[in-house]
Each structure stands twice: as structure tokens, then as C-alpha cells.
Amino acid sequence: MESEVPVVIAGGGLVGLSLALFLAGQDVPVLLVEQHAGTSTQPRGRGLNLRTMEVLRAAGAEAALQAAPASVLRDLPEIVGAATLVSEPHFRAVRPAARSHAELSPTAPLVIDQNVVEPVLRAEAARLGARLRFGTRLESFAQDADGVTVRLRDLARGREADVRARYLVAADGHRSAIRAALAIGTDGAGVLDHYVNIPFQADLAEPLRGRGLALAYLDRPVPHTMLTRLDSPERWVLMVPYRPRAGERPRHFTPHRCTELIRAATGIPDVVPVLLPEGDRPGVQTWELASWTADRYRSGRVLLTGDAAHVMAPAGGLGGNTGVQDAHNLAWKLAAVVRGAASDRLLDTYEAERRPVALAACEHSVRQQLARRSAESGPPTGAPEPHPPAVVLGHRYRSAAILDEDGLARPPSPAVEFTGEPGSRAPHHWLLSGTRQISALDLYRDRFVLLCGPDAERWERAGRDLAGASELRVHRLGAGLRDASGGWAAAHGVTESGAVLVRPDGYVCWRAVDDGVGTPSLVLGEVCSALFGTCADAPAHRHFGAGPAPRR
């Protein structure tokens with residue numbers, strides 16, 4: 001046995017690297033393996049939405065991402081539909097200017113390419129101590145009651161070694177070999193179309209005629225063809241629908257065939273494109289425009305995340321963003337289990353909370369994709385905002401890790417937005433810590449937080465008595481933190497003598513509207529027992545996490 005580690009992550013893309021970052025930030029030893037030699041060299045995803053930026057802010061990566069190069073699409077607002085690139089457009093639309101989200105969040109969406117994001121996440125995860133092994137393939141795995149034995153192959157040396165882990169997380173993409181080995185099925189619309197991506201370099205300035213083109217829907221070589229920029233004015237990717245013949249692979253798209261497809265799409269018969277590779281991978285790739293969600297997110301000690309758990313139509317850009325948010329939800333639960341603060345059963349709430357989010361996102365992205373297709377032959381009826389706040393912030397979790405104000409697990413109820421109710425993402429509200437302005441969201445990083453109103457001394461005392469040496473943090477407004485605007489209580493749906501209990505992922509798991517609900521120490525103790533009653537051999541004061549405090 002080469003080594004032992006609490007968590008092995010299979011897959012070093014956007015989601016796998018995010019999970020490694022989140023776990024390392026909570027001092028959970030983690031090993032990530034990725035068969036490719038490096039991160040993606042093509043843009044793929046083109047933006048991080050509001051909630052994704054919030055979770056990456058909590059992980060300490062926001063500044064590095066904001067300092068990284070923006071996507072070339074940021075300053076290219078035009079979308080057209082035409083027969084070819086040189087043809088007169090059927091329609092022309094301009095992407096609406098980015099709106100301010102200052103009333104909702106301390107951060108903002110970022111127009112940035114995935115091949116820029118991944119190296120940032122890789123560096124941040126490595127800085128926090130995550131072990132990242134690229135050029136390493138997971139050959140097989142076998143799980144038992146105590147853990148998972150993973151066989152890895154170093155592709156450069158040809159050597160194999162076994163690693164023992166308590167948990168294995170599959171972040172190995174939509175063709176997940178781990179999901180297939182577990183015989184986990186999928187549910188949803190399925191495959192809507194097959195595409196081949198052809199990255200190339202060519203000077204298309206003349207047919208563009210000075211337009212700031214971000215995306216073109218073209219009728220040739222076949223309807224629903226798409227052309228978009230890569231990372232510079234002369235680098236492009238052509239996405240062509242095709243009907244796969246039996247056994248057809250990317251290698252069947254020869255340079256000659258790709259050149260003819262590019263000429264047909266651009267309408268320039270003599271253009272000579274330079275076909276581009278992708279690092280150690282062929283540049284030409286096939287993919288499925290599909291929408292589905294895995295039937296299960298867990299099988300014993302193996303959990304699915306990202307594209308291994310769900311695939312979404314590209315319209316709306318929800319796929320990778322949903323995956324990063326999956327990882328954030330899963331990370332604190334794995335950390336609690338690994339540290340002995342919660343039993344393994346806490347991990348069941350990962351599927352209960354995140355699968356409904358994926359189902360809703362799949363439905364939304366399919367609607368947007370079909371709306372785009374219907375607009376290809378005429379003027380669009382409107383350009384929907386890519387990441388409307390209700391889609392990315394408005395969902396409501398329902399699981400055993402969420403309690404109502406009376407301390408009971410939540411029954412199903414309609415989704416609501418930004419209310420501070422249990423199961424919702426905690427509201428953003430500006431506070432003053434000394435002379436420094438912070439968001440209430442900045443308090444929720446790696447521990448549970450009991451945030452008390454200015455008149456909630458009884459809740460504050462109960463929380464501090466309960467916390468003891470554990471990882472529960474207790475804050476009371478007026479005692480170190482100030483509510484400069486005076487709107488904190490209303491934003492959280494409580495009174496000045498109320499309190500909210502917020503999980504490490506920034507979701508409200510319980511609240512007390514005021515302090516008139518009995519003896520706070522007994523009430524809070526019962527809440528802890530109800531939330532973490534599955535903690536084996538752990539007294540109530542340990543239910544918020546045992547072990548050393550995470551580094552910050």
C-alpha cells in the first residue's frame with residue numbers, strides 16, 4: 001500500500017480542483033488524481049456565476065480569480081444567426097450589460113474562461129496542502145465497510161500503486177468510469193444532439209466587418225452549427241452537429257474534413273485554418289449536448305459530483321457552476337465526518353440537497369437551449385440573463401441537516417428566495433468589524449456560526465456554553481460586530497433578540513425568531529442533537545465539529 005488518505009478525488013477539472021481546494025482549506029488531507037498531464041487548455045466554461053464566486057471567495061480564491069485574465073467574450077456582446085459568417089444575419093442580439101448584484105452579494109459574477117480558472121484553483125489547492133497528481137489514472141477501485149482501495153497508474157513511469165481512502169469522490173466527467181462501474185443510471189432528457197468541436201486559428205476580420213461577435217448560430221454546414229471565440233481575436237472553435245456512425249471517433253474528423261467544415265460555416269471557400277491541439281489531448285473533440293442527472297449521488301463510500309452526477313445543456317452556463325457548488329456542499333460534510341464530528345450518515349444529505357438543484361438547473365438550461373434554437377431563424381424574443389439570481393441563489397434545501405424554527409426537520413415546501421429561512425442561503429448584509437466593512441457571508445467559511453441579534457445575550461451565552469472547545473463560532477451584533485444599517489434582523493426574518501445558526505456552506509440550518517422560546521441553552525442543545533444526532537459517541541457540544549481548527 002503506497003499511502004492512506006481520507007479522501008481521493010478522481011478528476012482534476014473545474015469541479016475536482018474546487019473540491020480539493022475546499023477540503024484542503026478545512027485541513028482534510030486529500031489526494032486528487034487526473035490522467036491528463038495538466039489542466040484544460042481550451043475555454044470550455046466561460047464564466048463563474050454569483051453563487052460560485054461566493055463559495056470561491058469563502059475559500060480565499062476570489063482575489064486570484066479577479067486578477068486573472070478575463071475572457072475574450074467579456075467585451076464582445078454580439079450574438080447573430082445567419083446562413084454563414086459572411087451572410088447577412090437573420091437576427092442580431094446584444095448581450096445585456098452586466099447588472100449590479102451589490103444588494104444581494106459581496107461579490108459579482110466573473111466572465112472568465114475555464115482554462116484560466118483551473119490553474120488558479122490548482123495553485124490555491126496546492127498552497128493549502130492538497131496533493132495533486134496529474135498524469136495519473138485511476139485504474140480500479142474496491143470498497144468495503146471501512147474504506148476504498150484505489151489502484152493508480154503513473155502514466156509517465158508506467159507504475160501502479162494502491163492507495164487506501166476513507167472516501168472516493170468521482171469528478172471524472174460525463175463519461176464517468178466510476179459511475180459506470182457502480183451501475184448508477186441517469187434520468188432526464190438525455191442526448192439532444194451530438195457535436196464535434198474543431199478549434200482553429202484564422203483571420204476572420206473581413207467577414208466580421210468590425211462586429212464584436214461572441215457567438216454565431218449558423219445554418220451551414222448544417223443547422224444549429226455554432227461558432228465562438230477561443231482566447232484571442234484569431235482563435236475560434238466551430239461546433240458542428242453530426243450523426244455519429246458506429247464507432248466514429250474524433251480521429252475520423254481528418255484535417256481535410258475539418259477544413260471543409262470551417263469553409264462551409266464561414267462562407268470563405270479559400271480560408272486556410274490552422275487546426276489547434278489541446279495540450280496532450282487532440283484538439284478535435286466530440287461531445288453530447290445532453291441533459292441528465294444521476295439516479296444516485298452515493299454508493300457506499302463513493303460519491304459523485306460535477307459532470308459525473310449531472311450534465312446540462314450549455315445555455316445559461318449552469319453545468320460547471322452547479323458542480324462547483326456541489327463540491328462546496330460536499331466538502332464540509334466530508335470534513336465533519338473525517339474529523340469524527342458527524343457520522344457517515346451526514347453524507348446522505350448531500351444527494352438530498354444537491355440533486356433537486358441539478359434537476360431544476362437541467363430543466364432551466366434545456367428551456368434556454370430550445371429558446372436559442374427557436375431564435376435561430378428569426379429575431380429572438382429576448383435575451384435572458386445568463387445567471388438570474390433566482391436560479392443561482394433561490395433554491396431551498398430540505399434534508400435532515402436543515403431544521404425549522406421549532407427544531408423539526410423541514411417538510412417539503414415551495415422554494416423561496418433570500419428570506420433567511422432555514423434551508424436558504426444566508427442573506428448578504430453589510431456589517432462593521434471594527435472599522436472594516438464585511439458581509440455577513442464572510443463569517444461562514446469553515447465552521448458553524450451562531451449569529452445573534454443585539455438583544456440576544458441569552459442566545460449568545462447558550463452558544464458559548466455549548467461551543468466549549470468545539471468549532472462553533474458565536475457572534476452577537478453590538479459585541480465586536482455592528483449592524484451599521486440596522487436591517488440585519490429584518491433580512492434574516494428574526495427580531496433583535498433572535499438568532500440564526502448557519503452551516504459552513506453559508507446555509508441557514510435553524511433560527512430563533514426571538515429569545516422567548518424557553519431556555520436557550522436547552523433549546524440550542526436540542527437543536528444540536530437533532531441536527532447531528534447521527535454523531536457516533538459524540539456529546540452535544542461536539543456536534544459542530546471536533547479536532548483542530550482549520551487554517552486561515
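Trainee: Is the crossing of α1 and α8 left-handed or right-handed?
Mentor: Helices here are DSSP runs (H or I, at least four residues), strands are E runs of at least two, and both are numbered from the N terminus. A crossing is left-handed if the near helix is turned anticlockwise from the far one by less than a right angle, and right-handed if clockwise. By that rule, the crossing of α1 and α8 is right-handed.

Trainee: Which atoms do the side-chain values use?
Mentor: This is a predicted model, in which local features need pLDDT of at least 70 and side-chain atom pairs count only at pLDDT 80 or more, while totals for chains, interfaces and linings use all residues. Residues are numbered from 1 along each chain as its sequence is written; hydrogens and water are left out, and side-chain values use heavy atoms.

Trainee: How is α1 oriented to α8?
Mentor: Axes are lines fitted to C-alpha atoms, for helices over the stretch in contact, and angles run from 0 to 180 degrees between N-to-C directions. The axes of α1 and α8 come within 8 Å and cross at roughly 30 degrees. Angles under 35 degrees count as roughly parallel, over 145 as roughly antiparallel, 65 to 115 as roughly perpendicular and the rest as oblique. The crossing angle therefore makes the pair roughly parallel.

Trainee: How many charged residues are in the contact of α1 with α8?
Mentor: Contact means heavy atoms within 4.5 Å; on the α1 side it involves Leu14, Val15, Ser18, Leu19, Phe22 and Leu23, and on the α8 side the residues include Gly320, Val324, His328 and Ala335. For the classes, Ala, Val, Leu, Ile, Met, Phe, Trp, Tyr, Cys and Pro count as nonpolar, Asp, Glu, Lys and Arg as charged, and the others, Gly among them, as polar. The contact has 11 nonpolar and four polar residues, and the number of charged ones is no charged residues.

Trainee: How many charged residues are in the contact of α1 with α4?
Mentor: The axes of α1 (residues 14–24) and α4 (residues 114–127) come within 9 Å and cross at roughly 25 degrees, and the crossing is left-handed. Among the residues that meet are Leu17 and Leu21 in α1, with Glu118, Arg122 and Glu124 in α4. The contact holds eight nonpolar residues, two polar and, as charged residues, three.

Trainee: Which residues of α8 make the contact with α2?
Mentor: The axes of α2 and α8 come within 9 Å and cross at roughly 35 degrees, in a left-handed crossing. Arg51, Thr52 and Val55 are the α2 side of the contact, and the α8 side is Asn321, Val324, Gln325 and His328.

Trainee: Which helix gives the most to the lining of the largest cavity?
Mentor: On a 1 Å grid over the protein atoms alone, a cavity is a set of points where a 1.4 Å probe fits but cannot get out, and a pocket is an open set with protein on both sides within 12 Å along at least five of seven lines; lining residues have an atom within 4 Å of a point. Grid points are joined across faces, edges and corners, and a volume is the space filled by probe spheres set on the points. The largest cavity holds about 120 Å³, and Arg51, Glu54, Ala58, Leu441 and Tyr444 are the closest of its 13 lining residues to its centre. With five residues, the leading contributor is helix α2.

Trainee: Which element gives the largest share of the lining of the second largest pocket?
Mentor: This pocket has a volume of about 420 Å³ and 21 lining residues, with Pro356, Val357, Ala360, Val391 and His395 nearest its centre. Two or more lining residues come from each of α8 (319–338), α9 (348–375) and α10 (389–393). The largest share, seven residues, comes from α9.
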